[in-house]
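Reader: I am new to reading protein models and would like to go through one with you. Could we take the terms one by one?

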Amino acid sequence: MEDKKPSGLRPPLQNTSSARELEPDDRDLEKIRTWQQQRIEKKLRGEYESAVMHLSEVLNSNLSTPSQISSVRVEGAHNTRPSFLKFLIDPLIPPPSAENDLSMALHSARHIADVLKRTDIFRTVDVKLERAMAPLASKHDVDLVFTTRERGRFMIKTTTEFGDNEGSAQITSQFRNVFGGAETFSANLSHGTTTKMAFNAALTAPLTSNLGTYGEVHLFGHERDITSYASCKEGIRGAKAIVRSGQIPTGMHQVAYEAVLRHIGGLKDEASLSIREAAGQSVKSSLSHTFSLDSRDDRLFPTKGFYLKTFHEMAGLGGDTSFLKSETHAQVSRPLFSGVSLSLAARSGLLWGLNSRPTLFSDRFQLGGPSSVRLFRANSMGPRDNADSLGGEMYWSAGLSLISNLPKKPDWPIKTHAWVNAGRLDNVDKSRSLQENVVASLSKPSVSAGIGLIYNFDPIRVEVNFGLPLLASKSDGSRRGFQVGIGLDFL
């Protein structure tokens, strides 16, 4: 009788194991390493999300728990005065009340952290809630503890800038948190092609606990070579005190007092009689108010939004000049269709002499140039004496631009535009009413039109335009053909 072999599995057996969760082959060490790292990250991410959900549940279930803020501590603020921190924090702490709860404590912590960040003193601000340490604190009272890391206090840099058809090299330094109260001292010295030398030193400090209002003190001066249009050089030395409030997107107000010593000198041999009469020193003492509002989506290439700036100045609080001066800049931009937008800009200004004093050369308006009325030479419009532009007491200008992306290149920083500009600069004839002066100026515009390319060389804008003047006064310095403009603010 034959022996029967037991039924069942018989070698050699086939390997039927399979990788789990995309487990790589043992022979590929790099893939194994990556797979293990992904598994660890997935596990940590899950643990983190679970902890966040648990913390959220705990907080939500205790938001209405009666709780008072017992104390606030700021750690790491080694160069900041405790009195300044108290000045910022005290208005944000709710007074003791039976209605205070954990929710109010969390809101206060968020507001305090926000104001600490906006001082620009701290690089990082972290907050945590701890059980109150005060002996008389109740069981649910908390301490707010802010762990901070201060920014570096000193900075110095050198830059090369191009703007308003001028190039300059400058050195800038900044000292942050000078006296421990978020004060900033900055100073810069520059040398340029037109402004041969310029310096500015400024001390800025917050005046209110919400950091909405700042005070500034400036010492400044410059030496400008303006022989390209007026056969002379201008030097300025002065001081300025400023109080500013608000933010530009919602509206900023700035009130200032300025005392300035001006000097017209360095006359060329061919200087006109008017420029020779303007030569010498003058002192201006004035109060001014500036309002700025900017809702544009881009400062250099706006496609939508509105910009408004008004400036009013009264001089005559001492000094050699007495006048009222007002100036307005406005721009509105609207998209027409994809990649094409329309921009309309307008500017105007009026200088009105007071106390029977004539207006001085340094206070008058200048008009014309690639960033002003295009296809006219820089500062060449308005009253003249031979080759010298004398400036004017009243001006207006307007510009309409159609801006488009390059075909099939919407992301390039180069745009095309077609434009029409108009404007005029005059002196005020006081034998006639102001309305008659305005009507006379509007009825005799200088007009130019053309096409060009715009390049966004942030933070400046470069234009290469081709066009010609359509209407021009006899005294205007017009040109035709190509014109290059470099600046920050264009019509």
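Reader: Which order do the strands of the open sheet of three strands have, and what is the pairing?

Author: The order is 1-3-2 and the pairing is mixed. Strands here are DSSP runs (E, at least two residues), just as helices are DSSP runs (H or I, at least four), and both are numbered from the N terminus. This is a predicted model, in which local features need pLDDT of at least 70, side-chain atom pairs count only at pLDDT 80 or more, and totals for chains, interfaces and linings use all residues. Residues are numbered from 1 along each chain as its sequence is written, and side-chain values use heavy atoms, with hydrogens and water left out.

Reader: Why do strand 1 and strand 2 stand at the edges?

Author: Strand 1 (69–75) and strand 2 (122–131) each have a single partner strand, so one side of each is left without a neighbour in the sheet. From one strand to the next, the twist averages 15 degrees; such angles run from 0 to 180 degrees between N-to-C directions, with axes fitted to C-alpha atoms, for helices over the stretch in contact.

Reader: How do you know that strand 1 and strand 3 pair?

Author: Two strands pair if DSSP finds at least two bridges between them. Six bridges join strand 1 to strand 3 (residues 142–150), so with the cut-off at two they pair, and they run parallel. Val74 stands opposite Phe146 in strand 3. Helix 3 (residues 102–118) packs on this sheet and touches strand 1, strand 2 and strand 3, while its direction makes about 20 degrees with that of strand 3.

Reader: What makes Val142 count as buried?

Author: Buried means under 20% relative accessible area, exposed over 50%, and partly exposed in between (1.4 Å probe, protein chains only). Val142 has 9% relative accessibility, so it counts as buried. Val142 is found in strand 3. Not counting residues up to four places away in sequence, Val142 touches several residues, among them Ile69, Ala105 and Leu129, where contact means heavy atoms within 4.5 Å.

Reader: Asn355 and Lys408: are they buried or exposed?

Author: Asn355 has 64% relative accessibility, so with the cut-off at over 50% it counts as exposed. Lys408, at 83%, counts as exposed by that rule too. Asn355 is in the loop between strand 14 (340–353) and strand 15 (384–385), and Lys408 is in the loop between strand 17 (394–405) and strand 18 (414–426). Asn355 has a positive phi of about 55 degrees although it is not a glycine. For Lys408, also a residue other than glycine, phi is near 65 degrees.

Reader: How many bridges join strand 9 to strand 10, and how do the two run?

Author: There are 15 bridges between strand 9 and strand 10 (residues 251–265), which run antiparallel. A hairpin of three residues joins the two strands, and Arg237 stands opposite Leu261 in strand 10. Strand 8 (residues 213–225) is also joined to strand 9 (residues 233–247), by 13 bridges, and these two run antiparallel.
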